[in-house]
Amino acid sequence: ILLEENTSLSIEEIAARCGMNYNTFRKQFAKAFGISPAQYRIRYKIAQAKQFLAAGLSVSEIAVSLGYPDIYSFTHQFTALTGLSPTEFRNER
């Protein structure tokens with residue numbers, strides 16, 4: 001999926017590469033996957049983060065590698081989606 005391979009591209013850039021404007025892309029994507037492209041990307045990043053945590057990477061390394069502006073943004077989003085902080089998630093594994 002383009003969103004998985006190009007996490008550094010904006011959704012607008014991905015839409016353009018697909019030959020669509022942003023609104024058309026967003027609507028078609030949501031119709032196909034049941035969630036917005038932005039939500040899909042967030043869920044993908046959190047799934048990647050879980051794998052990185054299991055592999056022993058530090059929380060700050062994960063935040064940087066997934067393109068978060070800082071560790072706090074990453075931790076907030078991870079906690080909101082999983083119900084656990086990254087450290088709590090690692091400790092439960």
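How many Å should the 12 residues of helix α6 span, and how far apart are its end C-alpha atoms? The legends below take up this question and a few others. This is a predicted model, where local features need pLDDT of at least 70, side-chain atom pairs count only at pLDDT 80 or more, and totals for chains, interfaces and linings use all residues. Residues are numbered from 1 along each chain as its sequence is written, and side-chain values use heavy atoms, leaving out hydrogens and water.

View 1. Helix α6 covers residues 71–82; helices here are DSSP runs of H or I with at least four residues, numbered from the N terminus. At 1.5 Å a residue, α6 should span 16 Å, and its end C-alpha atoms are 16 Å apart, which agrees. The expected span is 1.5 Å times one less than the number of residues. At the start of α6, a side-chain oxygen of Asp70 comes to within 3.0 Å of the backbone nitrogen of Tyr72. After α6 comes Gly83, with a positive phi near 85 degrees.

**View 2. Asn21 in its loop.** Look for Asn21 in the loop between α2 (11–17) and α3 (22–33). Its side chain reaches two backbone nitrogens: that of Asn23 at 3.1 Å and that of Thr24 at 2.8 Å. Asn21 has a relative accessible area of 48%, so it is partly exposed (buried is under 20%, exposed over 50%, partly exposed in between, with a 1.4 Å probe and protein chains only).

**View 3. From Asn21 to Thr87.** Asn21 and Thr87 are 66 residues apart along the chain, and their C-alpha atoms are separated by 39 Å.

Technical notes
Helix = DSSP H or I, 4+ residues; strand = E, 2+ residues; numbered from the N terminus. Polar contact = N/O pair within 3.5 Å; in protein donor to acceptor, adjacent residues only side chain to side chain.
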